[in-house]
Amino acid sequence: MNSKSEIDEASRGSEASSSNNNTPSNCEDQSTPGLCPAAHTNTGQDIMKRAAAKQLIERYFYQLLDGCGNPNCDNKYCASSGEARNLTPNEAAAEAIKLFYKEARLCDSLPNKVPRTEANACDSSASTTCTTSKSKDITDNKEELQSGESSIENHESTSQTPETSQNKSQQDDHKTPSHNNGAPLTEERICQLCDECLRSKAPQPLIRALGEAFTQPAILARCFQSKLRLDSDSSGGKNTDKESKAMCSSSDPDKDVDSVAGPELDVVSCRKAFGYLAKVPSEYYSSALVTALTTLAENMEIDLRITKKMSIEDAVNCFVIAFEVPDLGCSDYLEIALPALCHAAEHLPVKAQAKLARVWAQHCKDSLRHILETLQQLITLRVISTNYTRHFQLQDDESVTLATKLMKIVYYANMLAGVMESNTLREEPVVIASQLDPLGDALDHLYPLSSMKNSKQSQPDDPLAIELDINVLDARKPYLPFEEFYNEPLSDTIEMDIDFANYKTEISNGKKFAFLKYPFILTAATKSLGLYYENRIRMYSERRVSLLHAVVGAAPPMPFLRLKVRRSHLIDDALVELEMVAMERALDLKKQLVVEFEGEQGVDEGGVSKEFFQLIVEEIFNPDYGMFTHQPDSHTVWFNPTSFETEAQFTLIGIVLGLAIYNNVILAVNFPMVVYRKLTGKKGSFEDLADWNPILYNGLKYMLEYEANDLEEVFYQTFRICYQDVFGNTIFHDLQENGDSMFVTQENKKEFVDLYADFLLNKSVETQFKAFRRGFVMVTDESPLAALFRPEEVETLVCGSKNFDFNELEKSTEYDGGYTSESQTIKDFWSIVHSLSLDDKRKLLQFTTGSDRVPVGGLSHLKLVIARNGPDCDRLPTAHTCFNVLLLPEYESKEKLQDRLMKAISYSKGFGML
């Protein structure tokens, strides 16, 4: 069909439509003046071009579905010829668009059915009057149709006759749910269709209704409207003519009357409708619904990415309804439909993502777990069924990466749906003065890829978090536990070296996908490996700077942070040397730590540092030292508010904690969780008292829950509190001015509790904690620690796991020197180990690895090696703690093995050369 024939066909289709609807063919006869003159404007031209093209597509559609009525028809694209195969409405809609672009043959006779368009009176008359004069622009508009029209007209099927005076009554008499084509779904309609399907065992009406709604975003967005919206629509029926005029003259031809005010989605009604749908056997509709959802996603992607005419409200409504669909019980949903929905969601603007998160948080709390589990199933299925290589990496799998991006919206919705605290409770940022290092800057210029100094400043904030004004630190209790967002198969499969490289690349140009930018999906053990790479690269960078200093003669070569200490004066030696480093050149704290015990021959490859940290922690947190106090109820340590030590001492303790994380060493410290929350920037609040002092927390909570009017007499509490120092002296403090004369009442009890918690957790130790945090930040200021880890994960990073599962250790242990898992000595060894008490198991870990703590992720992440150390003898077992190697002679009996092993782990301090 050339340009002339296209004009003829469009004109012929418009005339036929006009005749069939009994509509006048000139604007002078119209009862709604002013419609036709709009065709002389650019907006009117767009409307008329689209309307004429719609006529052609509709004619193809009905020609394929119903035929032309001529029994002698020889058109292979017409149902009346008998040559065209039987098509479903969805297939006919898709084929009609293809025939339009192929300029296929159209029959002269028209089928006796005309679709119900968005506004019949306006569109048909406008197209009749104006298409003739403007049809020459149809060809010019094909590109626009390809991107926009298909998303609106695709799969639109109708079986409604024209609403004329002759057949209107007949139409009303025969209307059934299956004939109400193109109408938005409602709870009542779904129930009717489901009942009809269960009664007749014929799912076609149900499939057709679902297909019509779920393939067209414009219709789906208006499904399940709230009663208030429906009432307002019905009460506005008197102004239909005026609204139709406004619609036809609108600049957006896709808008209908309902979009003027915007529908409000009734999520409860939607959930009830789908609950009723779940009663119908899923094999009736699952395949059709998967196809419809896939088409919906494709149409939405076109609308969001190309035409950009879909409103935020419509897009959000479509996604909310799509994810309320019950479990279809077929693999096609996970393999086809869900990835397509994730692909469409990628094109949501940030404001739409934020609105979707808020809607899910406020109205879809009960669906969050289902949505999360569905996305987790998709990711897990892809990970375990795909063989990733260096040429096709996990980060290249769009099904996984796009599902992860959508999961981020669920992650924020989960926080909003839970208990959130005020975002004003923030610790003051610690400012570390930048040190002049011209030689280091020169090296950074020569080796820009090794420069790590400005990585902190270059890490962008998440735009969605900014839009929502949300921070994970403010999530006191999320609706679903954060641990449910971990995907362990993905965490085990990911190659962290590649992901870390992508992470650093993404910071600079954003072209690579990195799961480290979505840390909620990775386990703490996997993220700790990323942090390990970050710290190691920084160590190598500082080592290069040191070598450059030595080359130019600016300083002697000092590639490591070397500490030489005496066991008898451990605290004094360590803190004095660290203080000198911090004063002279704080950047040296970023070097790799090497510890040497005076008078001992051990070379530090990691094991000596582990013992150094353990010993120094034992002494620093000793109550006799006076810097920290023990909380007997929670078995934790806390800052001594009346300590006589200087701020510099607390700064050095913070440096020690930072060095432990930086050098991948686990510490035996028992801080309450509030310490890690404060280290990451969140002040302590009332809920933090729960693990700081459980008895006090329960008492204050009981006061808050007490509703009787005699609170003042029952508690007899004023705004003056008291506490004891380490010497047992009682100290009083007024939370308010003249607090001793201000009693706690029902009106001010919440203020009292907040002031009490603020004093205990913040103000009373403000000086000590600021110094402590300053030392910690001196080591970790350029680290992505706060961006990757939540406070609970930071605690695991510092203290290790609390799960002493030695069965996992046995499974992960390797053997050398002739031993295997079937060797009798090895069987005896594990039999002895499993029978040990928890304290003895800690001693065994201390003996073999240099630390009695379980690494992040559990003992399965501890790579222990047991090597044969000769035949039976009287020697004790020995260990290379730097490499987690246990040297075990092949003892002749289990009793001798147990005797030698217990002696070795009980007397294991000190290092020597073998």
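Biologist: Which residues of α8 are buried?

Modeller: In this predicted model, the buried residues of α8 are P205, L206, A209, L210, G211, E212, A213, F214 and T215. That leaves α8 mostly covered, with 9 of its 12 residues buried.

Biologist: How far apart are the end C-alpha atoms of α8?

Modeller: They are 16 Å apart.

Biologist: Let's look at one neighbour. At what angle do α7 and α8 pack?

Modeller: The angle is about 150 degrees, and the axes of α7 and α8 are 9 Å apart. Angles over 145 degrees count as roughly antiparallel, so α7 and α8 are roughly antiparallel to each other. On the α7 side, the contact is made by R189, I190, L193, C194, E196 and C197. From α8 come P205, L206, A209, L210 and E212.

Biologist: How many residues of that α7 and α8 contact are nonpolar, and how many are charged?

Modeller: The contact of α7 with α8 has 8 nonpolar and 3 charged residues, and no polar ones.

Biologist: Switching to α13 now. How do α13 and α15 cross?

Modeller: Their axes come within 8 Å and cross at roughly 15 degrees, with α15 covering residues 331-345. Angles under 35 degrees count as roughly parallel, and α13 and α15 are therefore roughly parallel to each other. The crossing of α13 past α15 is left-handed.

Biologist: Which residues make the contact?

Modeller: From α13 you have V290, L293, T294, A297, M300, E301 and L304. From α15 you have D332, Y333, I336, A337, A340, L341, H343 and A344. Sorted by class, the contact of α13 with α15 has 11 nonpolar, 2 polar and 2 charged residues.

Biologist: I clicked on A315. Where does it sit, in which helix?

Modeller: A315 lies in helix α14. A315 has a relative accessible area of 1%, so it is buried.

Biologist: What does A315 touch?

Modeller: Leaving out residues up to four places away in sequence, A315 touches M300, L304, M310 and L348. A315 and M300 are 15 residues apart in sequence, and their C-alpha atoms are 7.6 Å apart in space.

Biologist: Now further along the chain. Are α37 and α39 parallel or oblique?

Modeller: Helix α37 (residues 824-834) and helix α39 (residues 894-906) pack at about 55 degrees, with their axes 10 Å apart. The two helices are therefore oblique to each other. Their crossing is right-handed. The contact is made by T825, D828, F829, S831 and I832 of α37 together with K894, L897, Q898 and L901 of α39. This contact of α37 with α39 has 4 nonpolar, 3 polar and 2 charged residues.

Biologist: Last one, zooming out. How many helices and strands are there in the protein chain?

Modeller: The protein chain has 39 helices and 12 strands. Of its 914 residues, 53% count as buried. Among contacts between residues at least 6 apart in sequence, 76% join residues at least 24 apart.

Notes
Residues numbered from 1 in each chain as written. Predicted model: local features only at pLDDT ≥ 70, side-chain atom pairs only at ≥ 80, totals over all residues. Heavy atoms only, no water. Helix = DSSP H or I, 4+ residues; strand = E, 2+ residues; numbered from the N terminus. Expected span 1.5 Å × (residues − 1). Buried < 20%, exposed > 50% of the residue type's maximum accessible area, 1.4 Å probe, protein only. Axes fitted to C-alpha atoms, helices over the stretch in contact; angles between N-to-C directions. Parallel < 35°, antiparallel > 145°, perpendicular 65-115°, else oblique. Left-handed = near helix turned anticlockwise from the far one by under 90°. Contact = heavy atoms within 4.5 Å. Nonpolar A, V, L, I, M, F, W, Y, C, P; charged D, E, K, R; others polar.
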